[in-house]
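I opened this model to look up a few items and note them down. The entries follow in the order I took them.

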Amino acid sequence: MAHSLSINRHLPKEELYIELLPQLEALVGGESDLIANMANISAALKQTFGFFWVGFYVVRGENLVLAPFQGTIACARIKYGKGVCGTAWKERRIILVPDVDLFPGHIACDSASRSEIVIPIFDGDNVVAVLDVDSDQLDSFDDVDATYLNQITSLLVL
Ligand code: SME
């Protein structure tokens, strides 16, 4: 497996995801370790899109606990139902937040974060982790991100 991505960063967003997906599939498909795969997915998303913060939280009892990520240091634990991440876990759905200041209970790990998307990751019927992506610009995420980020998380074997 190649240890570099081949991405033309000048492409529009959806085409970037389309270029990235098969490369991530090959990268993740060649490795069985969940932490290694979360780490490489975080790095690939950061490298491709330049996201302000991108990474995973994993379910540990009543908390989400920080897992591989790229970006500034972050809250280590988020309780069930709290913040955007805990809400995505509780409500078992993707949450798009165009303006974090308008999301009640948003947890500001870094005050530079302005918009956010959180994708719950399921093992069977249970949410076992979330993928969290933050932008330092308002309204950075839409259904294209939701669709492709969801496909990317489905590459993980839990
Ligand atoms: N903003 C998130 C917390 C995690 S950090 O953004 C990395 C939330 O409200 O759940």
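I started with Thr-153, which has its place in helix α4. The model is a predicted one, and I read every entry below with that in mind.

Is Thr-153 buried or exposed? I find Thr-153 buried, because its relative accessible area is 5%, under the 20% cut-off. Leaving out residues up to four places away in sequence, I list Ile-119, Ile-121 and Leu-131 as the residues that Thr-153 touches. A polar atom of the Thr-153 side chain lies 2.8 Å from the backbone oxygen of Asn-150. I also checked Thr-153 against Glu-116: they are 37 residues apart along the chain, and their C-alpha atoms are separated by 16 Å.

**Ligand site**

I counted the surroundings of the ligand next. There are 13 residues around the ligand, and the closest are Val-84, Cys-85, Ile-107, Glu-116 and Asp-134. For Cys-85 I noted a backbone N or O atom 2.8 Å from a ligand oxygen atom. An N or O atom in the side chain of Asp-134 is 2.9 Å from an oxygen atom of the ligand; for the side chain of Asp-132 the distance is 3.3 Å.

**Cysteines**

How many disulfides does the count give? I get one disulfide. The bond joins Cys-75 to Cys-109, with 2.1 Å from S to S. Cys-75 sits in the loop between β2 (63-70) and β3 (77-79), and Cys-109 in the loop between β4 (95-97) and β5 (115-123), so the pair, 34 residues apart, links distant parts of the chain. Cys-109 is partly exposed, at a relative accessible area of 34%.

Cys-85 is buried, with a relative accessible area of 2%.

**Helix α1**

Last, I checked the length of α1 (residues 13-29). Its 17 residues should span 24 Å at 1.5 Å a residue, and the end C-alpha atoms are 24 Å apart, so the two agree. I noted a kink of about 25 degrees at Leu-20, shortly before the proline Pro-22. The buried residues of α1 include Leu-16, Leu-20, Leu-24 and Leu-27. I find that the buried residues of α1 pack against α2 (34-49) and α4 (143-153).

Methods: Residues numbered from 1 in each chain as written. Predicted model: local features only at pLDDT ≥ 70, side-chain atom pairs only at ≥ 80, totals over all residues. Heavy atoms only, no water. Helix = DSSP H or I, 4+ residues; strand = E, 2+ residues; numbered from the N terminus. Expected span 1.5 Å × (residues − 1). Bend = angle between axes of the 7 residues up to and from the residue. Buried < 20%, exposed > 50% of the residue type's maximum accessible area, 1.4 Å probe, protein only. Contact = heavy atoms within 4.5 Å. Disulfide = S-S within 2.5 Å. Near = heavy atom within 4 Å. Polar contact = N/O pair within 3.5 Å; in protein donor to acceptor, adjacent residues only side chain to side chain.
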